[in-house]
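Q: I'm new to this one and would like to go through it piece by piece. Can we start once it's on screen?

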Amino acid sequence: MNLPEFHWIEVIYLAATALFILSLMWMSAPSTARRGVWAGEIGMALAIGGTLFERGIIDYEWIAIALVLGAIIGVPLGMVQMTAVPQRTALSHAFGACCVTLVGTAEFYLRSPAVPKFMMSVLATEVILGGLTFTGSLVAAGKLQELSFIPQRPVTYKGQNVVNLAMLAVAIGLGVTLVLNPAHSILFLVMVGIALIFGVMLIIPIGGADMPTVISLLNSYAGLSAAAMGFVLNSKLLIVAGALDGSSGFILSVIMCKAMNRSFTNVLFGAFGQVQASRAAAQEARTVRSASPEEAAGILAAASKVVVVPGYGMAVAQAQHKVRELFDNLTKKGIEVTFGIHPVAGRMPGHMNVLLAEADIPYDRLKEMDDVNSELPQTDVALIIGANDVTNPAARTDPGSPIYGMPILDVDKARTVMVIKRSMNPGFAGIDNPLYYFDKTLMLFGDAKGFVGDIVRELSGNSSH
Ligand code: NAP
């Protein structure tokens, strides 16, 4: 018992750090993802528990109130529908960044006017990143939740990038002034205020379609600001956790940009998702072929190889369990069924994997885009369930298309294409899909859950086929 208390806390923090790293590693594969979530949760419990033993704490009353309040708000926040996870994640970043900004502000005024240069530069970085992430994440969450008072389309005006960069330059300039003379304490509040406004200005020119990528980038900023806070509070755990958060958010943004064949500058400044009036007007009325559940079931039952491509519509309709029934039914008939997963299908990375895993579809039936693309020319039926942009051949063929160059699932190379969706409405990118007008394409109009259920019923009544 001679060991000072300090050492125990360090050991607890070390265990928490190791668990955070293991958590990220395990979460990178579906088969170990659950273990990854547990590791992250235990790591966080250890981190919070360890912090409560800090010797600096003299009164637990406010901490207890904050813990209870946090739990009351956090539990319902965690219960949202899967499709609302991106905006929920954005809210979490907003809360984290708000906390970082408040702690940074409090630390400045506790230390002012004698703030050492290094500490002042870290504090300035912390509150600028924290402030812009707080308001930016709130706007991003509002856009994704389609709140009526926040425009979904990019809000742009002439000289916008110059105005934005100038604001950022002023905030950084104030930070430098404070490093040189921390006694100008009023400038600190002005700097925080500019960072808060900059967060809004940074996000409004970005369209809803790019929000998931932006949220991942804001995740990165939130992590970096937390790492800066770790330096201020002299917490190694916070530095490591912030750095992990910052780098993983950044890597995820890069993966998403690659999957959409977009650059960071294009996502941040490209105003993707503007209404393309001229293109929309140029769309001549074209005809499509539609089919009934009965006809679709007949075509599927006659196939020997089927590739199912799920998308956002399957998630909205919560059709994954019906899709599982369809998978069982077709596999029992000896038909080979695989799932083609596009990296940005749905509204967050891994969205389709999570839904299909929830419905107990075997992991080895899920194929990544490149693998499934090589199989599609030998496929009898490509069955698209609520996916649109990720199957749009314009990405390959039309240099004028906003999604030109985005890697897609080459469903048009299958012998027959069947598309379940409710209407001819576009997907998230807001553009028409030429696939629907191909001779080999059959449109199956209806809600994904209902239509797949109808096909399963037809197939079950038809099992002697
Ligand atoms: P999508 O292009 O948004 O299309 C989804 C389709 O589902 C819509 O055309 C809609 O057509 C249909 N739908 C909606 N509700 C339905 C229902 N209840 N039943 C049947 N169909 C329904 O989806 P996606 O192909 O999955 O592509 C994802 C898009 O999000 C891409 O543009 C991608 O770049 C973007 N994005 C994704 C991520 C990510 O991390 N996953 C990140 C950034 C951007 P109807 O209205 O006619 O039914």
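Q: Is His-342 buried or exposed?
A: This is a predicted model. In it, His-342 is buried, because its relative accessible area is 2%, and the cut-off for buried is under 20%.

Q: Where in the chain is His-342 found?
A: His-342 is in the loop between β2 (336–341) and α15 (351–358).

Q: Which residues is His-342 in contact with, leaving aside its neighbours within four places in sequence?
A: Ala-259, Met-369, Val-390, Met-406, Pro-407, Ile-408 and Leu-409. With Pro-407 there is a polar pair: a polar atom of the His-342 side chain lies 2.6 Å from the backbone oxygen of Pro-407.

Q: Now the ligand. Which residues come nearest?
A: Gly-346, Asn-388, Asp-389, Arg-422 and Ser-423, out of 30 residues around the ligand.

Q: Which atom of the ligand does the side chain of Arg-422 lie 2.8 Å from?
A: An oxygen atom; the Arg-422 side chain places a polar atom 2.8 Å from it. Arg-347 also has a polar side-chain atom 2.9 Å from an oxygen atom of the ligand. At Ala-448, a backbone N or O atom lies 2.9 Å from a ligand nitrogen atom.

Q: How much of the ligand does the protein bury?
A: The protein buries 96% of the 910 Å² that the ligand exposes when taken alone.

Q: And how do the residues of the shell divide?
A: Into 15 nonpolar, 10 polar and 5 charged.

Q: Change of topic: what do the buried residues of α4 pack against?
A: They pack against α5 (117–144), α6 (160–180), α7 (185–203) and α8 (211–233). Among those buried residues are His-93, Gly-104 and Phe-108.

Methods
Residues numbered from 1 in each chain as written. Predicted model: local features only at pLDDT ≥ 70, side-chain atom pairs only at ≥ 80, totals over all residues. Heavy atoms only, no water. Helix = DSSP H or I, 4+ residues; strand = E, 2+ residues; numbered from the N terminus. Buried < 20%, exposed > 50% of the residue type's maximum accessible area, 1.4 Å probe, protein only. Polar contact = N/O pair within 3.5 Å; in protein donor to acceptor, adjacent residues only side chain to side chain. Contact = heavy atoms within 4.5 Å. Near = heavy atom within 4 Å. Areas by Shrake-Rupley, 256 points an atom, 1.4 Å probe, with all protein chains shown as cover. Nonpolar A, V, L, I, M, F, W, Y, C, P; charged D, E, K, R; others polar.
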